[in-house]
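Colleague: I'd like to go through this one with you and ask how you got to your labels. Can you put it up?

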Amino acid sequence: MSRSNEREVSGKEAPDFTLPSGPDSVFHLADLRGRPVVLAFYPADWSPVCSDQLSLDQAILHEFDAYTAALAAVSVDGTWCHRAFAEARGLTFPLVSDFEPKGAVSRMYDAYRSEDGFSERALFVLDPEGRIEWHEVVPPEENPGADGILRALDDMTAHSVT
Amino acid sequence: MTLATPVHRLTVPVTDRDHVRGDLGARFTLVEYGDYECPFCRAAHPVVQEVEHRLSGQLCFAYRQFPIVNAHPHAVRAAQAAEAAGAQGQFWLMHDRLFESSTGFADENLVRIAVQIGLDARRFIADLSANRYLDRIREDMASGARSGVNGTPTFFVGGVRYDGRPDAVSLIIALQRSAAAFSA
């Protein structure tokens with residue numbers, strides 16, 4: 001099983017982007033400056049692993065709140081698909097549509113599977129200044145859980161205190 | 001590049017804070033993070049009971065709450081019911097009843113179970129109404145999330161996340177291996 005834990009991105013500024021997060025809402029990454037941000041790229045709405053992963057994130061949102069961290073998830077699905085998926089799974093954080101041009105933002109984050117036509121299952125934790133603090137790519141069939149995210153948020157908090 | 005999947009370890013060891021069946025110092029330790037309304041957890045319940053039965057006297061089984069409330073709307077309520085029963089010394093009676101119940105977890109059903117197992121119903125209702133054990137449930141969820149829980153049920157065998165099949169024989173083999181590795 002391949003797993004990329006450290007590509008050459010840590011410490012780099014996260015590429016800014018603006019994408020729809022619903023039929024009438026827009027997600028602009030730079031608006032979240034001042035807070036840690038968790039970006040979760042994922043392959044597809046409705047897939048079992050994506051459902052489990054995002055449901056878990058929803059269930060532990062209060063853990064992210066403790067770091068004032070914002071969570072957003074990104075896939076190539078369209079906004080109406082995202083809305084139906086979010087309503088069915090009870091997800092309250094933004095689901096962002098990397099739909100047109102397809103996968104363009106995922107490609108900027110080196111998180112696109114050209115051969116499949118969907119995003120990687122890739123997690124990014126950004127610091128409040130918008131730099132990539134940590135990231136992890138796991139195979140599409142693997143649910144990464146949230147332990148890596150929480151460790152990264154812990155590490156960031158420890159650094160900012162010292 | 002091919003790397004082994006990293007090992008996920010239990011970040012908060014089993015102590016007397018936990019609900020345990022068996023002795024804390026037992027040869028084998030099994031921890032479950034579960035959700036009473038999750039169909040996979042409900043399917044795993046008789047499996048765990050079989051493991052407990054077959055390793056009787058040698059196993060410490062701990063159950064921690066991990067309700068996925070957005071998927072299972074009554075899961076937090078059911079977890080609170082178990083904790084409220086625990087406060088009256090009857091965690092495991094309620095735990096088993098919740099997993100075996102087929103009537104759902106509306107409040108009146110939870111109170112009915114509480115009465116059936118002999119709890120002080122007035123206290124039970126007050127505890128649920130006040131969300132008295134919500135913080136404890138969140139502590140369990142925090143320790144689970146930090147230990148690599150990525151769905152329910154997630155088991156830890158000898159403190160390491162178990163990614164194998166959720167059947168009794170596989171779990172027993174994993175428990176025996178973990179104890180052998182520990183004593184080696």
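Predicted model: local features only at pLDDT ≥ 70, side-chain atom pairs only at ≥ 80, totals over all residues.

Colleague: Why are α2(B) and α5(B) called oblique to each other?

Modeller: Their angle is about 135°. Roughly perpendicular stops at 115 degrees and roughly antiparallel needs over 145, so the pair α2(B) and α5(B) counts as oblique. The crossing is right-handed, by the way.

Colleague: Which residues make the contact?

Modeller: From α2(B) there are Gln80(B), Ala81(B), Ala84(B) and Ala87(B), and α5(B) brings Phe124(B), Asp127(B) and Leu128(B). By class that gives 5 nonpolar, 1 polar and 1 charged residues.

Colleague: Over to chain A: what is the strand order in the open sheet of 5 strands?

Modeller: The order is β5-β4-β3-β8-β9, and the pairing is mixed.

Colleague: What makes β5 (95-97) and β9 (132-138) of chain A edge strands?

Modeller: Each has a single partner strand, so one side of each is left without a neighbour in the sheet. Neighbouring strands there are turned by 20° against each other on average, direction ignored. For β9(A), strand β8 (residues 121-126) of chain A pairs with it in the antiparallel sense over 6 bridges. In that region, Phe124(A) sits opposite His135(A) of β9(A).

Colleague: How do you know that β8(A) and β9(A) count as paired?

Modeller: At least two bridges are needed, and this pair has 6.

How values were computed
Residues numbered from 1 in each chain as written. Chains lettered and ligands numbered in written order. Helix = DSSP H or I, 4+ residues; strand = E, 2+ residues; numbered from the N terminus. Axes fitted to C-alpha atoms, helices over the stretch in contact; angles between N-to-C directions. Parallel < 35°, antiparallel > 145°, perpendicular 65-115°, else oblique. Left-handed = near helix turned anticlockwise from the far one by under 90°. Contact = placed C-beta atoms within 7 Å. Nonpolar A, V, L, I, M, F, W, Y, C, P; charged D, E, K, R; others polar.
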